[in-house]
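My notes follow the display.

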Amino acid sequence: QANGGFTDGEQGLGQPVPAAGLSAGVVKAGAFKQGILTALIGGTFTAQWTIWSTLASHLHPLSPYVMIFYFHVGELVFIVPVVLVYGRLTGQISTARELLAAMRSFTQRQLALACLAGLLIGVGYFCYFMNLTAVPRPVAFGIGSASAMVSMLWGLLYFGEYTGAPPKKRALLVAALCFYPVAVALMALSM
């Protein structure tokens, strides 16, 4: 049990990996607290972004090309620090050197699939930003935000990701499937 008290069969997706010297209970409590804070801060920021970007689009409309440029620059600037902070919290990859080493260990198939996913995401965002003039921004944001719910439903209904899941995880899924559409609808109505 060299990996913090979990056996290889016990440690699965969604379970925290204890950092050196910390018990599994301490890590789970920290992950729960971090999850609550992330949800509150992220939800507040997302709601504010919708309001401010809608206001900005009415006062000074930007070209879709300018918006997608700044969107991707923002992703480029923030994605690596976010991954590293998350890695530090979970006891996984926490330095840029470790991240680069992990990326270098990918097979050619993994790299090709990751590049294809990135290309498809880029094309999807391009279409999203080009379409902002046809649909009000809060409505477009609501439609785009629904993708997480679609992913949850695919995982539940098609891939069977929650088969055998503990009741607490199923309750969290039900809560997410109830709260998420309400939140998206409220953001869409904020126009």
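**Helix packing and a pocket**

The model is predicted, with local features needing pLDDT of at least 70 and side-chain atom pairs pLDDT 80 or more, while totals for chains, interfaces and linings use all residues. Residues are numbered from 1 along each chain as its sequence is written, and side-chain values use heavy atoms, without hydrogens and water.

I then noted that the axes of α2 (residues 64-90) and α4 (residues 108-130) come within 9 Å and cross at roughly 140°. The two helices are therefore oblique to each other. On the α2 side I listed P64, Y65, M67, I68, F71, H72 and E75 as making the contact (heavy atoms within 4.5 Å), and on the α4 side G122, Y125, F126, F129 and M130. By class I found nine nonpolar, two polar and one charged residues in this contact.

I turned next to the second largest pocket, whose lining I recorded as I79, M103, F106, L111, A114, C115, A117, G118 and I121. Helix α4 gives the most to this lining, with six residues. I classed the lining as eight nonpolar, one polar and no charged residues.

Conventions
Axes are lines fitted to C-alpha atoms, for helices over the stretch in contact, and angles run from 0 to 180 degrees between N-to-C directions. Helices (H or I, at least four residues) and strands (E, at least two) are DSSP runs, numbered from the N terminus. Angles under 35 degrees count as roughly parallel, over 145 as roughly antiparallel, 65 to 115 as roughly perpendicular and the rest as oblique. Ala, Val, Leu, Ile, Met, Phe, Trp, Tyr, Cys and Pro count as nonpolar, Asp, Glu, Lys and Arg as charged, and the others, Gly among them, as polar. On a 1 Å grid over the protein atoms alone, a cavity is a set of points where a 1.4 Å probe fits but cannot get out, and a pocket is an open set with protein on both sides within 12 Å along at least five of seven lines; lining residues have an atom within 4 Å of a point.
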